[in-house]
Amino acid sequence: MTKAADFFARSAPIRYAGPDAVEPLAFRCYDKDRVVLGKRMEEHLRFAVCYWHSLGWPGGDPFGGETFFRPWMHGDDAMALARAKADVAFELFRLLDVPFFCFHDRDVAPEGDTLAQSTANLHAIAELFAAKMEQAKVRLLWGTANLFSHPRYMAGAATNPDPDVFAYACAQVKAVLEVTHGLGGQNYVLWGGREGYETLLNTDIGRELDQLGRFLTLVVEHKHRIGFSGTILIEPKPREPTKHQYDFDVAAVHGFLRRYGLEREVKVNIEANHATLAGHSFEHEIALAAALGILGSLDINRGDPQSGWDTDQFPNSVPEVALALYHVLRAGGLGSGGLNFDAKIRRQSIDPEDLLHAHVGAMDVCARALLAAAAMVEDGRLAGEVAARYAGWESREGRAMLGGERSLAEIAARVERDAIEPRPRSGRQEYLENLVNRYV
Ligand code: XUL
Ligand code: CO
């Protein structure tokens, strides 16, 4: 194939050029060193490019095959192609000047005839990554194992009826967790691609949940054994590819973690399009995870309001992302998490430059959203309105009831004695919606 540097037909990294920039490929708002609420934009947003969509996806859909014909996708020597792909990947990271990337094992290195061969392939590419990361100063936000593409996983990985598939998944995750650790990964993600069912007619739900609980416990134990200090993250998704997935949404995942005693060990990686597939807004999932103490990281993308599936488009709505980031800021940030563009360009976007436009536009949208969210935080009116709405709970009786110092009978007696008659108050929704529009 041609040299990686030739693929994008430009060598200068894309720079911040301000809102009036005339060149199409420039950051108009994302100025990585600009300080917002005491932190640089780059540190707030912690952008990551995802390997699977941006380097690994050939452009197919259920009705048609490849449209992209990337040079690293065709040839006889799978490892040489993987190396060529890595060269273009790091060229993309350089042009975008992103601090992080994310990958699945099978995105970066080909599956071999045996697990040992697959793992050796992965190690060989990881070595190449280590050298490139050292030079490029790009870091690994998270690694993950693909436990859903190969036919062995068609009935799930950890939740498979066959214990040998469970064992194979354990072996695969062990290898990728160790590689992620070796590359200084900040998190390790588990997305249950087929951990669910197609029909209850052949499924024992209780057993499958126990299998998943055991699997996750084994992963957490191994993380501690090898001294991996990153966070283990589950990525909720309600369906697709299966009809029902056990990691349906943040609430379901939290209940699952509590049941298996893992709520202090595992957090969530929340994806915007998965939230909407579950019937929630992105900010709902973020706010709930923050309230439950399990907010980890974000897969920042969007669905299509008219399509009911996971279209994985790049984010492009400032108001939507602003509300999401508002809740992230209120929660004190994402810690070791970041904003991973689990997003793919459209099938007709066949020019290499389309990959650049997609990321640059999305990074600018996130930067504008960050400024809006920071203004909401600084202004304090939104939070003030919420605090005022619950102010009654700060009273002596409010605290006593919530603190468990009053029985039901005592509470009832007080209501009768004082002839309490609550006074309805406006929820002020329209006022609040208008207030938000002043920032975005
Ligand atoms: C699938 C999805 C995955 C995970 C990683 O919908 O989001 O790409 O992010 O396995
Ligand atoms: Co995702």
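**View 1. Ala419 sits out in the open in a loop.** Ala419 counts as exposed because its relative accessibility is 61%, where exposed is over 50%, buried under 20% and partly exposed in between (1.4 Å probe, protein chains only). The loop in question runs between α16 (408-417) and α17; helices (H or I, at least four residues) and strands (E, at least two) are DSSP runs, numbered from the N terminus. Ala419 also has a positive phi, near 50 degrees, despite not being a glycine. The model shown here is predicted, so local features need pLDDT of at least 70 and side-chain atom pairs count only at pLDDT 80 or more, while totals for chains, interfaces and linings use all residues. Side-chain values use heavy atoms, leaving out hydrogens and water, residues are numbered from 1 along each chain as its sequence is written, and chains are lettered from A and ligands numbered from 1 in the order in which they are written.

View 2. Phe69 is another non-glycine with a positive phi, about 45 degrees. Phe69 belongs to the loop between α3 and α4 (78-96), and its 53% relative accessibility makes it exposed. Over at Pro241, the peptide bond coming from Glu240 is cis, with omega near 15 degrees. Pro241 is found in the loop between β8 (231-234) and β9 (244-245).

View 3. Glu235 (OE), Glu271 (OE), Asp299 (OD) and Asp342 (OD) coordinate the cobalt ion (ligand 2) at 1.9 to 2.1 Å. Donors here are N, O and S atoms within 2.8 Å of the metal (3.2 Å for Na, K and Ca), and with water not among the atoms, sites may look incomplete. The six donor atoms subtend angles of 81 to 172 degrees, so the arrangement is octahedral (six donors, opposite ones over 155 degrees apart and all others between 65 and 115). Along the chain, the donor spacing reads E-x35-E-x27-D-x42-D. Glu271 in strand β10 (residues 266-271) and Asp299 in strand β11 (residues 295-299) link distant parts of the chain, 28 residues apart. Glu271 is buried at 1% relative accessibility, and Asp299 is buried at 0%.

**View 4. The largest pocket holds about 1,000 Å³ of space.** Its lining has 36 residues, with His53, Trp57, Asp310, Asp312 and Lys344 the closest to the centre. On a 1 Å grid over the protein atoms alone, a pocket is an open set of points with protein on both sides within 12 Å along at least five of seven lines, a cavity is a set where a 1.4 Å probe fits but cannot get out, and lining residues have an atom within 4 Å of a point. Grid points are joined across faces, edges and corners, and a volume is the space filled by probe spheres set on them. The lining of the largest pocket divides into 11 nonpolar, nine polar and 16 charged residues (nonpolar: Ala, Val, Leu, Ile, Met, Phe, Trp, Tyr, Cys and Pro; charged: Asp, Glu, Lys and Arg; polar: the others, Gly among them).

**View 5. The second largest pocket lies between two domains.** Domain 1 (4-379) and domain 2 (384-437) both give residues to its lining, so the second largest pocket lies between them; the bounds come from an automatic or database domain assignment. Its volume is about 590 Å³. Helix α14 gives the largest share of the lining, six residues.

Definitions and conventions. Tetrahedral: all angles 85-135°; square planar, octahedral: opposite > 155°, others 65-115°.
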